[in-house]
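Subject: Model for your files

Hello,

Here is the model I said I would pass on. Please keep it with your notes; a short account of the findings comes after it.

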Amino acid sequence: MSGPLTGIRIVDLTQVISGPLTTMMLADQGADVIKIETPNGGDFARHVATRRGGFSASFINNNRNKRSVTLDLKSPQGIEAFKAIVATADVVIQNFRPGVVERLGIGADDLRATDPRLIYVSIAGFGFDGPLAPKPVYDPLIQAVSALTTVQAGSDEERPRLVRTILPDKLTGFQTAQAVTSALFSRERTGEGQEVHVSMLDTVVSFLWSSDMNGHTFVGDELEREEAQSFIDLIYEVDDGYVTVAVMQDKHWRDFAHAIDRPDLLDDPRFVSAELRDINRHARLEATQDALCGFSVAQVVERMEAADVPCARILNRTQMRQHPQIVANGTIVETDHPVAGRLRQARHAAVFSKTPASIRRGAPQLGEHTREVLDEIGYDTAKIDLLTPQD
């Protein structure tokens, strides 16, 4: 069986994380993704640390199921070949700094003028207009400008903190993949492609609004400063490790108190309703931590599970990949890469009953498929040789 995007061809002009993650998810779902790279080094992610067989783990984990074609997009011959490949494609995705593709003559207007069915997707950091749009951008800058760092701190008065993973990059990858499939669906109905813009900044602000911007939702009643957040997170230290317990609902709060033999918590006027437990969250989390002292991880988990209170032990990365639930889900798979050897990766997260996603090939070597793709679009051997002198 083939993936749901089988038959869709995507030309991938992206590098590092947000764009390559986007196109890898679409490739996992069956799309033929042709990754266009510069001949002198290719995607920057190829050259970062944690390497084997000439491949970085970062590149491996964001570029499987793709074919790599090297083209010099600063040469007329490279642009000609690029446009010939695009002529066979459904989607183009790029994450150059705003203005670059237009200067190269491969912007949305240039390519869609000859093919109105083409979907042209651009990913930017801060946006496409405005004072920050032309500036170089990396994940920490988006965390800073989006207010994610102060959300992570818990209060406007506390020292801002970065989320210790490149959340804006990865969220943007998921958002863009969803936008691509929506644009493809629209084209099926209307027969027309379109241009799609996604910025990392917009993505994170939208992400935060569903839960972290309540104090700025009601116009005219905005909070001047975020001060009500607790500085205690939902990680509790017990005698031999850490657990998390989530007890917002009345039922869970009641069952939690009985499970740890602390019915007195139910009489505390600060905690008698969900609203009061939210308003007094700092006190509630302190009380929860105090109540769990003296228990082991196993005891807490056993008591919470018996009472049907949401609870989990805290796992490190090794424990996570060995956990029985991860095994039952089949989340992690192993494959053989022809150069990098045996690999362990997370499978595509969505499970399709009739058109399953799959890992068909590992991440490509730089320019591995240049001759193959150029042959497919009708270039003869002499013309291919001119574009691939290294061969």
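Predicted model: local features only at pLDDT ≥ 70, side-chain atom pairs only at ≥ 80, totals over all residues.

Residues are numbered from 1 along each chain as its sequence is written, and side-chain values use heavy atoms, with hydrogens and water left out. Helices (H or I, at least four residues) and strands (E, at least two) are DSSP runs, numbered from the N terminus.

Helix α1

Helix α1 (residues 18-28) is mostly covered, with eleven of its eleven residues buried; buried means under 20% relative accessible area, exposed over 50% and partly exposed in between (1.4 Å probe, protein chains only). Among the buried residues are G19, P20, M24 and D28. They pack against β1 (9-13), β2 (32-37), β5 (66-70), β6 (91-94), β7 and α8, where contact means heavy atoms within 4.5 Å. Just after α1, G30 has a positive phi of about 110°.

The axes of α1 and α8 (residues 167-190) come within 8 Å and cross at roughly 45°. Axes are lines fitted to C-alpha atoms, for helices over the stretch in contact, and angles run from 0 to 180 degrees between N-to-C directions. The two helices are therefore oblique to each other (under 35 degrees is roughly parallel, over 145 roughly antiparallel, 65 to 115 roughly perpendicular, the rest oblique). On the α1 side, S18, L21, T22, M25 and L26 take part, and they meet α8 residues including F174, A177 and V180. By class, this contact has six nonpolar, six polar and two charged residues (Ala, Val, Leu, Ile, Met, Phe, Trp, Tyr, Cys and Pro count as nonpolar, Asp, Glu, Lys and Arg as charged, and the others, Gly among them, as polar).

Helix α9

In α9 (residues 200-209), M200, L201, T203, V204 and L208 are buried. Seen down the helix axis, they fall within an arc of 165°, so they line one face of α9; the arc is that of the directions from the axis to the C-beta atoms. Their cover includes β7 (119-124), α6 (139-145), α7 (148-153), α8 and β8 (195-199).

Helices α10 and α13

Helix α10 (residues 250-259) packs on α13 (residues 297-307) at an angle of about 135°, with the axes 9 Å apart. This makes α10 oblique to α13. K251, D255, F256 and A259 of α10 make the contact with R303, M304 and A307 of α13. By class, four nonpolar, no polar and three charged residues are involved.

Regards
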